[in-house]
Amino acid sequence: MLKIVSIVIRVNDLTAQSRFWQAALHYVERDPADDDWVVLKPRDADTPCISLDVRHSERILPPRIHLDIYADDQAVEVRRLTELGAREVQWDGLPDDADYVIMEDPEGNRFCVIESPDWSGWEQMQGQ
């Protein structure tokens, strides 16, 4: 059996990116950060960690992978993330009925904020 325990994001400024993702996801450092690596973990949930790795990486758009982050109140979370330094990404191909907002962190790493008023689907996915 395999399980995703941590998702690694390449960053340039470990301190700034660590502050952003901790505030964005309400995560904490699992262990004290090294000069080029830190693992951020959920405070009280059984969800994957986010690891930040200081390594140069070419930015390719659209990215081959991104995070989907579910929100009880999408509009509130998009505003909060914007205040933390994230930016909304405009895309001409966005469907009219999209339940997601495309965003990027302060260094341009993409993620989507998805409206999820009903978390029962998440619990079902966890049980599979």
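Buried means under 20% relative accessible area, exposed over 50%, and partly exposed in between (1.4 Å probe, protein chains only).

## Basis

This is a predicted model, in which local features need pLDDT of at least 70 and side-chain atom pairs count only at pLDDT 80 or more, while totals for chains, interfaces and linings use all residues. Residues are numbered from 1 along each chain as its sequence is written, and side-chain values use heavy atoms, with hydrogens and water left out.

## A salt-bridge network

Side chains of opposite charge can pair when their charged atoms come close. The criterion here is a side-chain nitrogen of Lys or Arg within 4 Å of a carboxyl oxygen of Asp or Glu. A search of the whole structure returns nine such salt bridges.

One of them joins Asp53 to Arg10, at 3.3 Å from N to O. This pair links distant parts of the chain: Asp53 sits in strand S4 (residues 49-54), Arg10 in strand S1 (residues 6-11), and 43 residues separate them. Strands (E, at least two residues) and helices (H or I, at least four) are DSSP runs, numbered from the N terminus. Asp53 is buried, at 9% relative accessible area. Arg10 is partly exposed, at 44%.

Arg55 pairs with Asp36; their closest N and O atoms are 3.7 Å apart. Arg55 lies in the loop between S4 and strand S5 (67-71), and Asp36 in the loop between strand S2 (27-29) and strand S3 (37-42), so this bridge ties together parts 19 residues apart in sequence. Arg55 is partly exposed at 42% relative accessibility, and Asp36 is partly exposed at 32%. Asp53 also bridges to Arg55, with 3.8 Å between the closest N and O atoms. Through shared partners, Arg10, Asp36, Asp53 and Arg55 form one network.

## Negative surface patch

Asp68, Asp96, Asp97 and Asp99 gather in a patch of negative charge on the surface. Patch members have over 30% relative accessible area and no salt bridge, and like charges are joined within 9 Å. Asp and Glu count as negative. The charge of Asp is placed at CG. Areas come from the Shrake-Rupley method with a 1.4 Å probe.

Asp96 lies in the loop between strand S6 (87-88) and strand S7 (100-104). Asp96 is exposed, with a relative accessible area of 87%.

## A buried loop serine

Ser116 lies in the loop between strand S8 (110-115) and helix H3 (120-127). Ser116 is buried, at 7% relative accessible area. Not counting residues up to four places away in sequence, Ser116 touches Tyr70, Ala71 and Asp72. Contact means heavy atoms within 4.5 Å.

How values were computed. Patch = residues over 30% accessible without salt bridge, like charges linked within 9 Å, V, L, I, M, F, W, Y side chains within 5 Å.
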